[in-house]
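Q: I'm new to this structure. Can you walk me through it?
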Amino acid sequence: MTVSGLGLGCAQLGNLYTSIGEADAAATVAAAWDCGIRYFDTAPHYGLGLSERRLGDALRALPREAYTVSTKVGRLLVPDPNGAHRRDPEGFDVVADHRRVWDFTADGVRRSLDASLARLGLDRIDIVLIHDPEDHQEPALAQAYPALHELRAQGVVGAIGVGSKHWRVLHRFVAETDVDAVMVAGRYTLLEQPALDVLLPECVRRDVSVFNVGVFNSGLLAVPRPHPGLPYEYGDVPPAVLDRARAIAGVCARHGTTLPAAALAFAAAHPAVAAVVVGAHAPEQVRRNAALATAEPPAADFWSELVAEGLLRPDAPLPTPVGAA
């Protein structure tokens with residue numbers, strides 16, 4: 001399993017929060033490709049299949065062996081004629097003509113993969129992740145994981161893993177199964193690092209790759225000056241969290257860097273992290289993130305001040321300057 005250090009998260013291709021046009025979706029993927037991004041993550045959940053369809057369309061003319069795609073299982077999309085006149089209630093600006101049904105059975109996994117392959121227009125999926133199993137851990141462990149394990153052994157899929165914002169759930173899968181990867185959502189960021197104590201060391205010990213996503217904490221760290229109204233955990237940012245983000249941004253300003261730049265640099269620094277996956281609504285966002293991800297990280301005194309101010313854990317791995325041994 002090979003992924004680029006920066007991946008494109010494709011929830012926005014499914015009209016997360018706001019609608020984007022077909023041309024903008026295609027241009028966003030094209031910009032990612034031009035920036036050297038070769039890892040693309042999607043899911044049936046994202047826009048009720050719209051993200052997978054748009055990603056597949058955008059990748060169709062590109063050499064299949066040159067990129068890696070991950071998608072997810074756990075939610076089946078079932079037609080819902082009664083939803084044709086309303087919007088999706090789960091944050092995507094799409095018509096709710098399908099509904100999501102939790103299904104972690106072996107049959108559900110295979111049906112989900114078949115549908116994803118059809119929407120993507122691909123003959124194989126490189127990485128398959130069990131999606132948000134926190135409220136369904138037993139069937140996910142007893143049924144979904146063995147099904148994926150068998151499909152991996154048969155060569156039908158490449159790598160398998162789990163994605164969640166709950167680090168304890170991810171740790172359970174790492175400890176109890178033979179997954180190749182976990183997708184950690186918002187639990188190892190410049191703002192908060194709960195995955196550092198147990199999950200990430202276990203991933204290093206068991207050689208499990210970590211895809212670090214949600215590294216801007218839903219958007220709060222994506223701007224140089226955080227302000228009320230920005231999302232956090234897909235909702236409104238609490239005042240105490242906003243104050244902390246603003247304090248980190250102040251240290252960034254004093255050291256000649258920005259909050260998004262520092263957030264990306266930090267998110268990639270842990271040795272377990274194989275890729276940082278960031279979404280984008282438009283090509284210019286992709287280009288900005290790619291430029292920040294490849295830039296020289298902030299100097300040592302920046303990180304030292306964060307630690308001294310109680311804004312960063314002192315045991316967190318820090319970025320290595322470009323060219324350093």
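This is a predicted model: local features need pLDDT of at least 70, side-chain atom pairs count only at pLDDT 80 or more; totals for chains, interfaces and linings use all residues.
A: One definition to begin: helices (H or I, at least four residues) and strands (E, at least two) are DSSP runs, numbered from the N terminus.

Q: What does Thr 189 touch, neighbours within four places in sequence aside?
A: Thr 189 is in contact with Gly 214, Val 215, Asn 217 and Phe 266, those neighbours left aside. Contact means heavy atoms within 4.5 Å.

Q: Which strands make up the barrel?
A: The closed barrel has 8 strands, in the order β1-β2-β3-β6-β7-β8-β9-β12, with parallel pairing. Neighbouring strands of this sheet are turned by 25° against each other on average, direction ignored. Two strands pair if DSSP finds at least two bridges between them.

Q: How many bridges join β2 and β3?
A: Strand β2 (residues 39–41) and strand β3 (residues 68–73) share 3 bridges, in the parallel sense. Phe 40 stands opposite Val 69 in β3.

Q: How far is Leu 48 from Gln 12?
A: They are 36 residues apart in sequence. In space, Leu 48 and Gln 12 are 12 Å apart, C-alpha to C-alpha.

Q: Switching to helices. How many residues of α8 are buried?
A: For α8 the count is 9 of its 9 residues. Among them are Leu 259, Pro 260, Leu 264 and Phe 266.

Q: What covers them?
A: The cover over the buried residues of α8 includes β9 (209–213), α7, β12 (273–279), α9 and α10.

Q: How do α8 and α9 cross?
A: The axes of α8 and helix α9 (residues 283–294) come within 9 Å and cross at roughly 60°. Axes are lines fitted to C-alpha atoms, for helices over the stretch in contact, and angles run from 0 to 180 degrees between N-to-C directions.

Q: So what do you call that angle for α8 and α9?
A: The two helices are therefore oblique to each other. Angles under 35 degrees count as roughly parallel, over 145 as roughly antiparallel, 65 to 115 as roughly perpendicular and the rest as oblique.

Q: Which residues meet there?
A: From α8, Pro 260, Ala 261 and Leu 264 meet Arg 288, Asn 289, Leu 292 and Ala 293 in α9.

Q: What about α7 and α10, how do their axes run?
A: Those axes come within 10 Å and cross at roughly 150°. α7 and α10 are therefore roughly antiparallel to each other. Ile 248, Val 251, Cys 252 and Arg 254 in α7 meet Phe 302, Glu 305 and Leu 306 in α10.

Q: Which residues of α10 are buried?
A: In helix α10 (residues 300–308), Phe 302, Trp 303, Glu 305 and Leu 306 are buried. Seen down the axis of α10, the buried residues fall within an arc of 160°, so they line one face of the helix. The arc is that of the directions from the helix axis to the C-beta atoms.

Q: And what does the face turned away carry?
A: That face of α10 carries the exposed residues Ala 300 and Ala 308. Gly 310 follows α10, and its phi is positive, near 70°.

Q: Which residues other than glycine have a positive phi?
A: Asp 207 is one of them, with phi near 60°. Asp 207 is exposed, with a relative accessible area of 69%. Glu 233 also has a positive phi, near 55°. Glu 233 counts as partly exposed, at 27% relative accessibility.

Conventions: Residues are numbered from 1 along each chain as its sequence is written. Side-chain values use heavy atoms; hydrogens and water are left out. Buried means under 20% relative accessible area, exposed over 50%, partly exposed in between (1.4 Å probe, protein chains only).
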